[in-house]
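Try each task before you read its solution.

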Amino acid sequence: MAIKFPSDEWIKELSNQLNLSESYEKSAKDWEGDFVFVVEPDTAYDGTAYLFLGLYHGKSTGAAMISHEQDRPAEFILRAPFSAWRQVIEGKLDAIQGMMTRKLRVEGNMMKVMRYPKAAKEIVSCCALIPTDFG
Amino acid sequence: MWYFVSPQIVFGEGALDALDELKGQRALIVTDEVLVNMGIVDKVKAHLERAGIATHVFARVEPEPSVETVRQGAQMALEVQPDWIIGLGGGSPMDAAKAIFALYERPDLHPAEINPLVPLGLRQKARLITIPTTSGTGSEVTWAVVLTDTEEQRKMGLGGRELAADIAIVDPALAAGMPPQLTADTGLDALTHAVEGFTCAWHTDLTDGLCFNAIRLIFQYLPRAVADGSDMEARERMHNAATAAGLGFGNSLASMAHSMGHALGAAFHIPHGRAVSIFLPYTVEFAAQESPDRFAELAMLLDISQAGGAEAARALATRIRDLCHQLGNPTSIAEAGIARADYEARLDKLVDDAFNDTSMMSACRAPSYEELRQLFTYAYEGRPIDF
């Protein structure tokens, strides 16, 4: 059954998928740094959603939909309109290209992000495993 | 949405004369001792002096330039205060020049911060010229910079669109002095760029034609250039092909062969072009198992095979190996002279580094960690990929 995006259930399922992924674990084995994904409003989505994802040494330490990006301070914030998030999850927008064209706007240590491109791709691959309801 | 970035390119016989018209006060030439000893730096200086530009030379760039070297070059730039920085040489001096340019303009930056996610605000003090002397890395037209982290023995894939040169001078006379082995290694680097640029997941309509034409030229003219370095038609076509390949892959991306080649080069100091071209046929075969279409299209366009699908893709891999054999280049890691025990001792790191290399982002069939390990093993043994 499809899980609504964005939602607490969806981000928890992503956390679960990451912890099942050997590829993610290997590519992120030295990674330290949590994320907040900010889903911004556009013509397809009213409001703003904040999704916290804890990441440490190849595993997800937890995930939750939060009320505001400051509720769970994270080293990285990734902002994009709903439609851009949908394109990434559906594989129509490469996440790294999205960041390079500022369709996805990253706040945090860029040096670190660019050192782990494979891990970024694996996160997106795990997103694609979640049956998602964008409606 | 994507970008196509290119310098102004002056190419062909006599292109170096374009420096006579340059406007400016001081130029810092970033290069290596080999080119100083060959007299090529003096040729460039003579043109700049005719333009009334004072010249300074930083000739300490080593093959696979390190972060430390770039810091030293940036320090010299801060002392000299050039309004032109000129990268003269193979990929190493040109990449070093780009990094020195960035650090001269932004002394607050750590080299690892030179990345495409952050605007750097360059060109407040200087502009950049690149002049290749190999055919070649394509660095003269790309915005990529590859430095070596000597502490971690790892290649760092850096870059940003602002690092594309303002002017690239592609004069075949500067490549004419390359000995046969260097001609082969750098020519195969250009081939790998073009094949990966055409077939990677980031390929574009604007880059496909450049990549295809580069491949066509390389298959035709590289054997001639290796066999007879005085064949100036072959030298000029190869020099142009390398730049075309650079524009092609520089505006799409390199891919798995480069990820693996970077890892091997950092560990064993195999020349870059030799390393990536060893891996290229194996990565073509690997991708062909699941995503053969782009490779098959290339094989068809090049009249290698009309069979389509995985069969055509494997024919392309065979053609690449045949070219390597024709040039006397190795097609396996064992043939490249690396002892098995040494290779296996470093295999974990090779896999780790390749897995996280920026070029791996565009692989059309992304390997798992175990598959990548197998690829490295097969490439050592010279076994065609069957998984």
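Two residues are in contact if their C-beta atoms, placed from the backbone, lie within 7 Å. This is a predicted model, in which local features need pLDDT of at least 70, side-chain atom pairs count only at pLDDT 80 or more, and totals for chains, interfaces and linings use all residues. Residues are numbered from 1 along each chain as its sequence is written, with chains lettered from A and ligands numbered from 1 in the order in which they are written.

**Exercise 1.** Work out how many residues of chain B are in contact with chain A, and of which classes.

*Solution.* Start with the count: 18 residues of chain B touch 18 residues of chain A. Next, sort the chain B side: twelve are nonpolar, five polar and one charged. (Ala, Val, Leu, Ile, Met, Phe, Trp, Tyr, Cys and Pro count as nonpolar, Asp, Glu, Lys and Arg as charged, and the others, Gly among them, as polar.)

**Exercise 2.** Find where helix 8 of chain B meets helix 13 of chain B.

*Solution.* First, locate them: helix 8 of chain B covers residues 256-268, and helix 13 of chain B covers residues 347-355. (Helices are DSSP runs of H or I, at least four residues, numbered from the N terminus.) Then pick out the touching residues: B:Ser259, B:Met260, B:Ala263, B:Leu264, B:Ala266 and B:Ala267 in helix 8 meet B:Lys349, B:Leu350, B:Asp353 and B:Ala354 in helix 13. Lastly, class them: seven nonpolar, one polar and two charged residues make up this contact.

**Exercise 3.** Say what share of chain B is buried.

*Solution.* Take the cut-offs: a residue is buried if 20 or more other C-beta atoms (placed from the backbone) lie within 10 Å of its own, exposed if 12 or fewer, and partly exposed in between. By that rule, 58% of the 387 residues of chain B are buried. For its extent, the C-alpha atoms of chain B fill a box of roughly 60 × 45 × 45 Å along the principal axes.

Methods: Axes fitted to C-alpha atoms, helices over the stretch in contact; angles between N-to-C directions. Helix = DSSP H or I, 4+ residues; strand = E, 2+ residues; numbered from the N terminus.
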